[in-house]
Amino acid sequence: PPVAPRDAAELRMARLWEGVLGTGPVGVRDDFFALGGHSLKALELMASVRAEFGVDLPLSLVFRRPTVELLCEALPEAAAASGRLVVPLSDGGDDRPPLILFHPRGGDVVCYLNLVRELAATSDGPRRVLGVTAVGCDTDETPLEEVSAMAERYLAEIRAEVPSGPYLLAGWSFGGTVAFEVAARLEAAGERVAFLGLIDSAAPGPRAGAVPDAGDDDLLRHGLAAGLDADQARALDEEALLDAL
């Protein structure tokens, strides 16, 4: 049976989960994604947490703390965590170099949840996995528009976390374009890139240097970031969203 909330914070958080997921009762150790959560639901949850607790939690935190219990424990650490672009997605059990996954167009790395779990279940055991989120994904910082600018910023933060190679890089969709650019810069600096994975990405070329046009998921993401609820955000077109921002 679900473990019931044990204090006021867990009770408030559990109620938020029930509202976002449309299910209940939610136990404090139930997994968000096992209950039907996904990246857009996680966005709604973070917006609800902001409204309820007055705290901005980075979206990537749902990877590491996918239960009410663990998310409540993270509330005091939110301010320190919110500015980081390179975030841990999985802890490794050995000294193997980490796999570094780059955000797709939406800016967050929740899309890699299943991949990270599959990697942890391999016979080699869990590998350390890091995710690179977009500038402005979890903060008010102005997002970067050019891949070259992203690569420069991300590379500095990656090397602060992983000072030397070999490097293992990968990205889905637009994330593959960014991974390719970062790999090129690492090799130009004399570092070894042992693996570069482009997952359903456009072939690198002249058109790969800018962020693609926004889609429905991006509009919802930015609407939630502006303090709107999910229904309000979904109702906006791009011009109305710009006015709201």
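At 23% relative accessibility, Glu181 counts as partly exposed (buried is under 20% relative accessible area, exposed over 50%, partly exposed in between, with a 1.4 Å probe and protein chains only). This is a predicted model, where local features need pLDDT of at least 70, side-chain atom pairs count only at pLDDT 80 or more, and totals for chains, interfaces and linings use all residues. Residues are numbered from 1 along each chain as its sequence is written, and side-chain values use heavy atoms, without hydrogens and water.

**Salt bridges**

Glu181 pairs with Arg185 in a salt bridge (a side-chain nitrogen of Lys or Arg within 4 Å of a carboxyl oxygen of Asp or Glu). Both residues sit in helix α8 (residues 174-188), four residues apart, about one turn of the helix. Arg185 is partly exposed, at 27%. The structure has eleven salt bridges, including these:

| Pair | N to O distance |
|---|---|
| Arg185 and Glu181 | 3.1 Å |
| Glu157 and Arg153 | 3.2 Å |
| Arg65 and Glu73 | 3.5 Å |

Arg6, Glu10, Arg29 and Glu69 form a salt-bridge network.

**Nonpolar cores**

The largest nonpolar core has 40 residues (buried Ala, Val, Leu, Ile, Met, Phe, Trp, Tyr and Cys residues joined through side-chain atoms within 4.5 Å). Met13, Trp17, Leu45 and Val49 touch the most other members. Domain 1 (1-82) and domain 2 (84-203) both contribute residues, so this core lies between them; the bounds come from an automatic or database domain assignment. A second, separate core of 24 residues includes Val135, Phe174, Val178 and Val182.

How values were computed. Helix = DSSP H or I, 4+ residues; strand = E, 2+ residues; numbered from the N terminus.
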